[in-house]
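Please read these points alongside the model. They begin with a cavity and then turn to a pocket and a helix pair.

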Amino acid sequence: METESLLAGGADGGPPDYGSDSSRTSRSNGGGPGSRRMSYSVVGDSCSVEGGDEDLYIQQAVVFIEDAIQYRSINHRVDAKSLRLYRWYYSRICQWGLGLTIAVVLLLAFVERPSSLSVSSDPRRRAPPWEPPCGFTESIEMVCLAIFTLDLAVKSYLIGWEEFRKSKWLICYMVVIVASVIDWMLTISMDCEEKLRVRRLIRPFFLLQNSSLMKKTLKCIKRTLPEIASVILLLALHLCLFTMIGMLLFAKTEDPEKNGEWELYFRDLPHSLTSLLVLLTTANNPDVMIPAYSLNRGYSIFFICFSVIGTYFLMNLLTAIIYNQFRGYLLMSVQTSIIRRRLGIRAAFQILSCHGARRAAAESVKVDAVLEVMSRVQMKSYYRVAIVKEVQQYATAGCLDRDDFRKLFDELDKDRIKEHPPSPQYDSVLLQKLQRIFGHYYFTIVGNAVALVNVMCICTVLVLNSDKSIAEKDDYYMEVINCCFIFYYLLEMSLKIFAFGWRGYLSYRNNVFDGLLTILLLALQIIVFATYRFPYSQRDPHGLLSLWELVRLINMLIVFRFLRIIPDIKLMTLVASTLLDLVKNLRAFAGVLVVVYYMFAVFGIWLFEGAITPPPTHMSVLSNSSLENITSNFSMECGTYEQLGYWPNNFNDFAAAIILLYNVMVVNNWQAFMEAYSRYTSPWAKVYFVSWWLTSSVMWVNLFVALILENFIYKWDRCHSCSVIDVERTRYETSVQLIFKEQIQEPTEEELLSQLHQHPHLHLHWDEDLQS
């Protein structure tokens, strides 16, 4: 029979040398000074523990289970001192502090020169922003870098030197910190006058390295890029082919009236490529074909064929390929996460199976030991209750085998069913009947109908008063109507509290939403009565608390309150919950997008800061030479940057750069930005804008659409047979891991034991005598 030995890392934390005979001998003899031997052997039907610390066994199992819950790697030190440090490092306050530090160092870009601290980004109206003194942001940044250095030191110690050398992310983390410190020192030595700060470009790395799922996402994106290269090449071939055809079709002729298409869009190769590339995004459709179409309707065939093939076939095919390839690589990453969970659970079982005295049964763990571990594990309370309830079912047997122990943690993947508190009991028959009426689902439907009528009244008044100024509006009748509806809302809330009780009322999320808005509306109504009194004779439309402003605020809250209908419509509830899950569980994908935005914004400031300067308001007072220099690149043609008044969209500060990049990502009129910066700087500026369009609109938007589809389809398949009430009661704890649960292959026992055997600090080795 096989014999397994479990040896914890020594107190000094140094990983042993796995390849030498001397290391194997030292491990069998206790590992040297300061080390502690934990070994067990399975001979027949018995297990023994030599020199083990029972509390340390429990602590190790607790940490391994916490690693499994969070999908963390278990390849870290397992001695008592390191485990305390490990749990402190992954505590909520420590991780929140690290996240806050990352947020602070990223937000410094809004304060540093060029500062974004101004009301408007329009250079025609923007006042000189507040510029921080030299050393202000640098001091904050140095504190953040010191925290990152401490973070790197703790991580490196916990995993050991051998694992540190294998971790490319930690090595890059060290390089980024060192580069940031060097660049920081250069800034201080130059009195903060330099414009090119390299560390601003590498700051997003701090956000990337702190998220395991974000790293997986980035890895998946990197692996997806080669797979879509063929479609990108086909798209480029399509673009080049139609560019050549377009230049042949719309060549310059002797008749100036027929040269409109050539002059505007097909003058040369760069103009032709740009025109059709923009048409691929439909941003300049139908403008690009109007000059030729006005001459001959047959020219429309060229543009229609280009759009149909490129926009509807190739671009959608690209979306499908990105979705399919990224989904496959993401599935592989999720598979790794699931293996981490199973490995953590298996490691906890392996340790607990040696916790205690001998046993006469097969390899198992004691129920008391499992309950002790679960009482210490940091996890959500409802999962802990569910797992403890399952453990207590084995109290009679006194122990759990390996499969039973693993099945306990299947509770982590189950939906949470929210049980509402029991309704209050009334002795009176009349009160019982009223309780049934006001607690019935139809009473909520009546409330929704009343809210709809209220919104329709507000809409009617808005239409009637749309052409009136504030002084001409008659707020008296609107205020009386709102007062009546607010009284009904207050009555409805009171009756529901009567039917369900306080605890029962607050156990429904839509009731909490209703109640908060009703209380806020009541408070505003009291302010109206206290300020103006009935019938509002002391009206001051220009005051800080004018009746119009208060009524408008009340109306906005009433319209917002109408969202209460969402939980009562099944499909709408499903869509809303999908959006909430996207916010909670797809933060990693949004994080990578933040990184891309950040880096492109920094590059944009480096390349284009101050490139576009609006002409002075009074150009007539300037000399002819000065006027010629200012307006050399100025264009007031229809659809240009200047004619559209896009002056606030610039790269003069970080916040303005972010907004400009967003506008380009939406692709509406993005050619205006590309054309303007190409005209004011260099034609090569188009490379920057096309790169951003490919990265954001083509790549990232398609990925986001794919993940929305996955999330929605997953939820739809799970709750399409449920009623509205069931959907309301069920808390779907959707995660990326659960979305791909059906496609994930469970690791085998041999794979888990092989992984445990390779653990750098928790050493498993087979007893050679028993193997022979």
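1. By class, the lining of the second largest cavity holds four nonpolar, two polar and four charged residues, where Ala, Val, Leu, Ile, Met, Phe, Trp, Tyr, Cys and Pro count as nonpolar, Asp, Glu, Lys and Arg as charged, and the others, Gly among them, as polar. Among these lining residues are Glu112, Arg113, Cys134, Gly135 and Arg197, and the space inside is about 50 Å³.

2. On a 1 Å grid over the protein atoms alone, a cavity is a set of points where a 1.4 Å probe fits but cannot get out, whereas a pocket is an open set with protein on both sides within 12 Å along at least five of seven lines, and lining residues have an atom within 4 Å of a point. Points are joined across faces, edges and corners, and a volume is the space filled by probe spheres set on them.

3. This is a predicted model, in which local features need pLDDT of at least 70 and side-chain atom pairs count only at pLDDT 80 or more, while totals for chains, interfaces and linings use all residues. Residues are numbered from 1 along each chain as its sequence is written, and side-chain values use heavy atoms, with hydrogens and water left out.

4. The second largest pocket has a volume of about 1400 Å³; of its 39 lining residues, His271, Thr274, Ser275, Glu675 and Lys686 are the closest to its centre. By class, the lining has 22 nonpolar, 10 polar and seven charged residues.

5. Leu213, Met214, Thr217, Leu218 and Ile221 in H9 meet Arg587, Ala588, Phe589, Gly591 and Val592 in H24, contact meaning heavy atoms within 4.5 Å; helices are DSSP runs (H or I, at least four residues), numbered from the N terminus.

Technical notes: Helices (H or I, at least four residues) and strands (E, at least two) are DSSP runs, numbered from the N terminus.
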